[in-house]
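Please keep the sequence and the 3D view at hand while reading.

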Amino acid sequence: MQDGRTTITQFIIEEQRHIAEATGDFTSLLNDIVTACKVISNMVNHGALVGVLGAAGSENVQGEDQKKLDVISNDVFLKSNEWAGHLAAMASEEMEDIYHIPDLNPRGKYLLTFDPLDGSSNIDVNVSVGTIFSILRCKGDCENPTKEDFLQAGTEQVCAGYALYGPSTMMVITTGKGVNGFTLDQNIGEFILTHPDMTIPEETQEFAINASNGRFWEAPVKRYVDECLQGSEGPRGKDFNMRWIASMVAEVHRILTRGGIFMYPIDDKMKAKGLQGKLRLMYEANPMSFIIEQAGGMSTTGRERIMELQPSDLHQRVPVILGSKTEVERVTAYHNENKEADAA
Ligand code: P6P
């Protein structure tokens, strides 16, 4: 504790004391992840000054054009986490296959999935971006892990967190005992506990969705958004506000801070392409759902709890409806009513 301020390292160590079987591996792993986020924060903050903006001239496994910072951030995460012997393997949005720990390094008992730079389409226009990560236990052969070892439901996560590279750099983390937020003190290079025990207001009047997809939405989503737009003159009896940052980390952080609902539902355009959604389960939807639920919110596909989904592929996509509990319950109820109507 420095002059009444708790660093993230101190916080993690104190948390570890509550875990009987903790050996310090997890604490050390989390500190390596924190270091990677500090390095990425420094690069994001310097942007054009250090020549990291613009396209990388390559595509990722999702077929999306990579930004230079996508590739650089991915490498930073790999180098920061491959050496200490806490991980059996890693998986990233930016890599098709799992990343095997180099032979010269020992293997550990954890698996790490991450989106090294989420919302990177915003990077060239200086809008907030972030990093999302999730830690699972390796339950198989940790010396020879496979892609299948990663395919665990979100309820199996040991830890989930994100770094938000915004006006200030913050990290928000859960290990299953609530959600805590830390702000990077650039003067000393340490994350300081600034947002203890973050909780989402159950009620809200703010929704986030990419409205340009409106003509493709399923009926329950259309109904929910239309009611929000009708405001105090409609069935909701109150006016709503809309936000869309195109950066999931920034949307989730706003919701954690003042409530709201974030929706990236499945739609007819995705169905026509054989897609199950836009966002990825293993390194976007599951970690963010863990955080949202630990903060008292709710996270579903519209039809079922995201964290109970059994993954079938490392890069599978899912619909995401998350945020203030009463709003997510309402959207999910509309989907269930629709299902009953379809079945009738
Ligand atoms: P759209 C960023 O690419 C991302 O994965 C999320 O961070 C964000 O919420 C969403 O996609 C934005 O999607 O269709 O608005 O560009």
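**The ligand and its surroundings**

The ligand is surrounded by 13 residues, and the closest of them are Asp118, Asn210, Trp244, Met248 and Tyr264. The model is a predicted one, and every distance, angle and area below is computed from it.

**Polar contacts and burial of the ligand**

- An N or O atom in the side chain of Asp118 lies 2.5 Å from an oxygen atom of the ligand, and for the side chain of Tyr264 the corresponding distance to a ligand oxygen is 2.6 Å.
- Glu284 also places a polar side-chain atom 3.3 Å from an oxygen atom of the ligand.
- The ligand taken alone would expose 400 Å², and the protein buries 83% of that area.
- The space that the ligand takes up is the largest pocket, and the elements that contribute two or more residues to the shell around the ligand are β13 (261–264) and β14 (279–280).
- By residue class, the shell around the ligand divides into 6 nonpolar, 3 polar and 4 charged residues.

- Helix α6, which spans residues 248–258, is largely enclosed by the rest of the structure, because 9 of its 11 residues are buried.
- The buried residues in α6 are Met248, Val249, Ala250, Glu251, Val252, His253, Arg254, Ile255 and Leu256; Met248 is also one of the closest residues to the ligand.
- After α6 comes Gly259, which has a positive phi, near 85 degrees.
- Helix α8 (residues 281–294) is likewise mostly covered, with 12 of its 14 residues buried.
- Among the buried residues of α8 are Leu281, Met282, Tyr283, Phe290, Ile291 and Ile292, and Glu284 is included as well, the residue whose polar side-chain atom lies 3.3 Å from a ligand oxygen.
- α8 is followed by Gly296, and the phi of Gly296 is positive, near 90 degrees.

**A buried glutamine in a loop**

- Gln157 is located in the loop between α4 (147–150) and β7 (159–165), and with a relative accessible area of 8% Gln157 counts as buried, because that value is under the 20% cut-off.
- The side chain of Gln157 makes a polar contact with the side chain of Ser134 at 2.7 Å, and the side chain of Gln157 also reaches the backbone oxygen of Gly154 at 2.9 Å.

**A partly exposed serine in a strand**

- Ser58 belongs to strand β1 (residues 55–59), and a relative accessible area of 26% makes Ser58 partly exposed.
- Ser58 and Val71 are separated by 13 residues in sequence, while their C-alpha atoms are 9.2 Å apart in space.

- Most residues other than glycine have a negative phi.
- Asn126, although not a glycine, has a positive phi of about 60 degrees; Asn126 lies in the loop between β5 (110–118) and β6 (129–137), and its relative accessibility of 73% is the reason why Asn126 counts as exposed.
- Asp197 is a residue other than glycine with a positive phi, near 50 degrees; Asp197 sits in the loop between β10 (190–195) and β11 (206–208), and at 53% relative accessibility Asp197 counts as exposed, because the value is over the 50% cut-off.

Definitions and conventions: Residues are numbered from 1 along each chain as its sequence is written. This is a predicted model: local features need pLDDT of at least 70, side-chain atom pairs count only at pLDDT 80 or more; totals for chains, interfaces and linings use all residues. Side-chain values use heavy atoms; hydrogens and water are left out. A residue is near a molecule or strand if one of its heavy atoms lies within 4 Å of it. A polar contact is a pair of N or O atoms within 3.5 Å; within protein, one must be able to donate a hydrogen and the other to accept it, and residues adjacent in sequence count only if both atoms are side-chain atoms. Accessible areas come from the Shrake-Rupley method with a 1.4 Å probe; for residues, only the protein chains shown count as cover. On a 1 Å grid over the protein atoms alone, a cavity is a set of points where a 1.4 Å probe fits but cannot get out, and a pocket is an open set with protein on both sides within 12 Å along at least five of seven lines; lining residues have an atom within 4 Å of a point. A molecule sits in a cavity or pocket if more than half of its atoms lie within 2 Å of its grid points. Helices (H or I, at least four residues) and strands (E, at least two) are DSSP runs, numbered from the N terminus. Ala, Val, Leu, Ile, Met, Phe, Trp, Tyr, Cys and Pro count as nonpolar, Asp, Glu, Lys and Arg as charged, and the others, Gly among them, as polar. Buried means under 20% relative accessible area, exposed over 50%, partly exposed in between (1.4 Å probe, protein chains only).
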